[in-house]
Amino acid sequence: MSLPSELWLSIFEYLPSQSLRNVVLTSKRFHAIAIRFLYKHLILTSPTSFVTAYSALSSIQPLPHALLLGISPIVERPVEQLKEAVAVVSLAAADDWMPIPLNRQTNRYRFFQIKDAYQPRFLADATVYENLLTQVTSFTSLRQLVFRGMLLPRDLHSILRDLPNLRDLAVVHCTVHFTGVYIDVDHTSLKLQSLTLLDIRAVFPSNDDDTNPRNPRTRLRMLAQVPTIRTLAYDHTVWLHRVFTPSSPPPPLTALDIKFPIHKDRSRVPPGFISFLETLPSLRTLILRNHVPALLLSPRALPALCAISAPLSIISSICSGRSIIKLDIRDEAVLTPLYQVFVEAHSHLSRVQELSLFIGDWDDEVVLAIVARFPNLTKLQIRYARGGPSEDTILGMGSRTLYALPHLVSAHVFRIPLPPPPQSVLEARKRDDDTIYGAPGIGDTYFESMHDIDTVTDTLMEGVLSLQQLPFSQDVSVDFMDEQEPRTSEPFDEYTRELIIAWNRTCPGLRTVQLHPGWVWRRADRIDHWVARPCESGIWGDVFG
């Protein structure tokens, strides 16, 4: 008896791209069912890959639902982001490209160690770029669109209006094009639900006048005024809150993710930020990254807030008077100030169900402090960098501390490797304070995966084109950003399993235990056996997944 197609759809949805390619070649029936998943996510970050797959793109059925785009055109005016380009690709053939003279060879070698990682090496000529934009607008089923590491199209807003099903838009590490002729922009027809704007650059330096609609960066900010947006993420290069005024208030946001500058010497609150937060009565999730100055909010602000991810320095002020259910302390927490915050905000944090934090030096007392202050925990994650619990501590953690958390279903206690100290001021400024402590990156937020595109396995036409086979000359250095080796980790032994089994009697509700990064122990119910599994949500676990 054969399974109906609806069941096969549910099965194929969980397969990786390599397995899907094998399924497509199995039979005509499986081909018709699985092909919709094989090209669901497309990645076009090089004009060579687009030219090679150009004929096949128009025949993809059904149309893709997600696209990652990173192809820039050749332009006459100098653009900082395109200064590392070495060749222009034409539509004649992917391997028939025209070298670009290296007029700044001295500067290239001088700044080689600090050059931008999002500077393309290959550019598209006018014909290739025009065909690319035409192809993008033909993907009318797109729901997720990401522009990454490229010069944005001049007619970006027209492209967005041609995609009626677009819900998630991200523009990261991109340069906004100079607009010579002003065209009125109307975003009322867009149905965006999620908008991400990070590291937005301009072709020419400007005073970045927020009230001037002719400013390209300001025109990009205006996307935040789409009334259907519920999730907003941005950084200090755009400060999207500036686009909102009393006459043009923000949409009813439910999730907000803001990346502040890394430099701690820039500690002032950006103008209008406090008043912006106080106009968000429906906000439920707030994520503040890097060094955040003190926020003096009105007690009536953010009444619906229940999930907060922020540095330790503002936890007390942001949590006071609000019923927080999910709490993540993003930076390194020194134990004494941490305990003080627990005491100060105890009455406001007693309802916390999911807690995640990072401590530099392990101390057994931290578990006792957490158990005493957070009796309703269902998920707990403690990351540390130095030291660690002894074998006796792990063995008795269930009977001595965790037993006092009757609702606990997930416990993550593991050590993370910290990078070496920065060797220069430039290296220190480029380092993100959040991610080195194990906090999720800007694209790995708790409320939703903003652009769920696997840059390792879901590349376009994988197996048809390999960029490494192109005839590069020996003096050209090429970065293959999308062909990284997957992270691997060693599985656990039976001895580790015995340590966790000791928790069974006192912690019958536990279903997930993590003692090492990248791997967890799971069981279906209290009588099931513990089985080691890799973490689906990354090396830092899935506490807020």
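Biologist: Which residue forms a salt bridge with Asp257, and how far apart are the closest N and O atoms?

Modeller: A salt bridge here is a side-chain nitrogen of Lys or Arg within 4 Å of a carboxyl oxygen of Asp or Glu. Asp257 pairs with Arg289, and the closest N and O atoms are 2.6 Å apart.

Biologist: Before we go on, what kind of model is this?

Modeller: Residues are numbered from 1 along each chain as its sequence is written, and side-chain values use heavy atoms, with hydrogens and water left out. Local features need pLDDT of at least 70, side-chain atom pairs count only at pLDDT 80 or more, and totals for chains, interfaces and linings use all residues, since this is a predicted model.

Biologist: How many residues apart in sequence are the parts that Asp257 and Arg289 tie together?

Modeller: Helices (H or I, at least four residues) and strands (E, at least two) are DSSP runs, numbered from the N terminus. Asp257 sits in strand β10 (residues 255-259) and Arg289 in strand β11 (residues 285-289), so the pair links parts separated by 32 residues.

Biologist: Is Arg289 buried or exposed?

Modeller: Buried means under 20% relative accessible area, exposed over 50%, partly exposed in between (1.4 Å probe, protein chains only). Arg289 has 3%, so Arg289 counts as buried.

Biologist: Which residues do salt bridges with shared partners join into one network?

Modeller: A search of the whole structure finds seven salt bridges. Those that share partners build one network from Glu332, Asp361 and Arg386.

Biologist: Is Glu80 buried or exposed?

Modeller: Glu80 meets Lys83 in a salt bridge of 2.8 Å, N to O. Lys83, at 30% relative accessibility, is partly exposed. Glu80 has a relative accessible area of 54%, so Glu80 is exposed.

Biologist: What is the relative accessible area of Arg201?

Modeller: Arg201 forms a salt bridge with Asp199, with the closest N and O atoms 2.6 Å apart. Arg201 is buried, and its relative accessible area is 19%.

Biologist: How many disulfides does a search of the whole structure find?

Modeller: A disulfide is a pair of cysteine sulfur atoms within 2.5 Å. Cys319 is buried at 0% relative accessibility, and Cys507 is buried at 5%. For disulfides, the search of the whole structure gives zero.

Biologist: Where is Leu3 placed?

Modeller: Leu3 is partly exposed, with 34% relative accessibility. Leu3 lies in the segment before α1 (5-12).
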